[in-house]
Amino acid sequence: MINMVALMGRLTSEPELKTTPSGVSVLRFQIACDRSYQSQGQERQADFIDCVAWRQRAEFISRYFHKGSMIAIEGSIQTQNYTDKNGNNRKSVEVVANNVSFCGSKADSGAAPMQEYNQPAPSYASADNSDFEEIVDDDDDLPF
């Protein structure tokens, strides 16, 4: 099964880092994402999407992003069912951030030189490509 989300938007408020009772950093925040279409004669609409980041990712966002900062998020959707204080059944939907990246300029975000916070980049050994032939791009015999 696949549960992947990619978003780019602006933080709607100043991020506030919190810590769980067991000492794990958590940051709940919301981003505004403009819709890709605009009805004629109306202002462009935006969707407000709830997100959560944990541990070092939460600390990273708290340190380098502020209200209005453009952010790119790669993550997954998580839902929870709960009962509110009035006894009504509710459902919450949020994006759990797995990777976050800067999208604006340094001047816009006050960002440090680090451009994104992901898992460590994998290292690859150099491949010996001496066994491969060069592909010749010859479109003359294509039927279209």
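## Strand pairing

In this predicted model, strand β1 (residues 5-11) pairs with β5 in the antiparallel sense, over 6 bridges. Within this pairing, arginine 10 stands opposite methionine 70, a residue of β5. Strand β5 also pairs with β6, again in the antiparallel sense, and here the pairing runs over 13 bridges.

## The hairpin of β5 and β6

The hairpin of β5 and β6 has 5 residues between the strands, and glycine 87 takes a positive phi near 85 degrees there. Threonine 83 has asparagine 89, in β6, as its bridge partner. Asparagine 88 is found in the loop between β5 (70-83) and β6 (89-102), and when its neighbours within four places in sequence are left aside, asparagine 88 is in contact with Tyr82 and Thr83. Asparagine 88 counts as partly exposed because its relative accessible area is 35%, a value between the limits of 20% for buried and 50% for exposed.

A salt bridge involves two further residues, arginine 90 and aspartate 84, whose closest N and O atoms are 3.1 Å apart.

## Salt bridges elsewhere in the chain

The count of salt bridges comes to 3. Side chains of opposite charge can pair when their charged atoms come close. Besides the pair already described, the side chains of glutamate 94 and arginine 28 meet in a salt bridge with an N to O distance of 2.7 Å. This pair links distant parts of the chain, since glutamate 94 lies in strand β6 and arginine 28 in strand β3 (residues 25-34), 66 residues apart. Glutamate 94 is buried, its relative accessible area being 11%.

Aspartate 47 and arginine 35 form another salt bridge through their side chains, at 2.8 Å from N to O. Here aspartate 47 belongs to strand β4 (residues 46-54) and arginine 35 to the loop between β3 and β4, and the pair, 12 residues apart, again links distant parts of the chain. Aspartate 47 is partly exposed, with a relative accessible area of 30%, and arginine 35 is likewise partly exposed, with a value of 28%.

## Aromatic pairs and their cluster

The count of aromatic pairs comes to 5. In one of them, the rings of phenylalanine 60 and tyrosine 64 have their centres 5.2 Å apart and their planes at 55 degrees, so the pair is classed as tilted. Both residues, phenylalanine 60 and tyrosine 64, lie in helix α1 (residues 55-64), where they are 4 residues apart, about one turn of the helix. Phenylalanine 60 is buried at 6% relative accessibility, and tyrosine 64 is also buried, with a relative accessible area of 18%.

Phenylalanine 65 and phenylalanine 102 form a further aromatic pair, which is stacked, with 4.7 Å from centre to centre and 20 degrees between the planes. Phenylalanine 65 lies in the loop between α1 and β5, while phenylalanine 102 lies in strand β6, so this pair ties together parts that are 37 residues apart in sequence. Both phenylalanine 65 and phenylalanine 102 are buried. Through ring pairs, Phe60, Tyr64, Phe65 and Phe102 are linked into a cluster.

Note on methods:
Residues are numbered from 1 along each chain as its sequence is written. This is a predicted model: local features need pLDDT of at least 70, side-chain atom pairs count only at pLDDT 80 or more; totals for chains, interfaces and linings use all residues. Side-chain values use heavy atoms; hydrogens and water are left out. Helices (H or I, at least four residues) and strands (E, at least two) are DSSP runs, numbered from the N terminus. Buried means under 20% relative accessible area, exposed over 50%, partly exposed in between (1.4 Å probe, protein chains only). Contact means heavy atoms within 4.5 Å. Rings of Phe, Tyr and Trp (its six-membered ring) pair if their centres lie within 6.5 Å; planes under 30 degrees apart count as stacked, over 60 as edge-to-face and the rest as tilted. A salt bridge is a side-chain nitrogen of Lys or Arg within 4 Å of a carboxyl oxygen of Asp or Glu. Two strands pair if DSSP finds at least two bridges between them.
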